[in-house]
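Have a look at the structure first, then read on.

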Amino acid sequence: MRLVTVGVSGSFPGPASPASAYLLQAHDGEREWNVVLDLGNGALGALQRHVDPLDLDAVALSHLHPDHCADLSGLYVYLRYHPERGDVRTGVPRRLPVLGPSTTAERAAAMYGLTPGESMDGEYDVRAWEPGATVRVGPFELEPFAVYHPVEAYGIRVTGPSSVRPGERVTLVYSGDTDACDGLVEGARGADLFLCEAAFQEGRDDGVERGIHLTGRRAGEAAAAAGVRSLLLTHLPVWNAPDVAIAEARSVYDGPVAVAAAGGVHEL
């Protein structure tokens, strides 16, 4: 399994990165499968450096804030109007599975500006998450779990074939947006890689209400409690210093810690 951190900027695109978008790739012995976790503002353009959107097998959304789903609008245009959009065998356009919160279809239609009675059903096969219910996409198994954010929000536990240890399966856990909660620790339990947001900073953001974001320290605490093998911090807004987030996490977590960079590739 390969992780490409397409977009890592927190809350809005930054000068060096789109908002949240993470491409997972794995080969099942016959072909390569491509799943995107979140598709925030600016992500579709950068995504095309790594995969043709026609080759996506699923989009999995943690929640419906724009920095995690806004580029569903652009992807809809790509899928609907691309001259080679039809299935090569049948000529019939393939509906792309979009996994997400319960109001995903309505949110996507509203962002694009569809009128009442219109839908994206010709391009998107929208399916609502059921916490704890595993969804299989090719060699991937995706399991959502509820997290602590102002809107309906999920972390996503992904299990797939290892690209560095043939014959083994590995687990990546994506926090989505969340503050500290028991669900995050349980969802991340024993992960090989914990891709975890750290949008807030200790001291500076102490006055902000809880239930929105983690700090580097709180991400590290979750990683330590869950016993993950490595921690990759993400979703830092442009005003956050990566070295501060790393230092906070390392103060409570003994494993490897890094901050995700746009375009980074991680083999699991």
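Rings of Phe, Tyr and Trp (its six-membered ring) count as a pair if their centres lie within 6.5 Å; planes under 30 degrees apart are stacked, over 60 edge-to-face, and the rest tilted. By that rule there are four aromatic pairs.

A word on the ground rules: this is a predicted model, where local features need pLDDT of at least 70, side-chain atom pairs count only at pLDDT 80 or more, and totals for chains, interfaces and linings use all residues. Residues are numbered from 1 along each chain as its sequence is written, and side-chain values use heavy atoms, with hydrogens and water left out.

Here are two of the pairs:

| Pair | Centre to centre | Angle between planes | Type |
|---|---|---|---|
| Phe 12 and Trp 239 | 5.7 Å | 55 degrees | tilted |
| Tyr 22 and Tyr 174 | 5.0 Å | 55 degrees | tilted |

Phe 12 sits in the loop between strands S1 (2-7) and S2 (21-27), and Trp 239 in the loop between strand S12 (231-234) and helix H7 (242-250), so this pair ties together parts 227 residues apart in sequence. (Helices, H or I of at least four residues, and strands, E of at least two, are DSSP runs numbered from the N terminus.) Tyr 22 is in S2 and Tyr 174 in strand S10 (residues 169-174), so that pair bridges parts 152 residues apart in sequence.

Buried or exposed? Buried means under 20% relative accessible area, exposed over 50%, and partly exposed in between (1.4 Å probe, protein chains only). Phe 12 is partly exposed at 29% and Trp 239 is exposed at 57%, while Tyr 22 and Tyr 174 are both buried.

Elsewhere, ring pairs link Tyr 76, Tyr 112 and Tyr 124 into a cluster.

Now the interior. A nonpolar core is a set of buried Ala, Val, Leu, Ile, Met, Phe, Trp, Tyr and Cys residues joined through side-chain atoms within 4.5 Å. The largest one has 29 residues, and those with the most contacts inside it include Leu 23, Val 59 and Tyr 124. Among the elements giving it two or more residues are S1, S2 and helix H3 (72-81); H3 provides the largest share, five residues. A second, separate core of 28 residues includes Val 35, Ala 60, Tyr 174 and Leu 268.

Finally, helix H6 (residues 216-226) has buried residues including Gly 216, Arg 218 and Ala 226. Just after H6, Gly 227 takes a positive phi of about 70 degrees.
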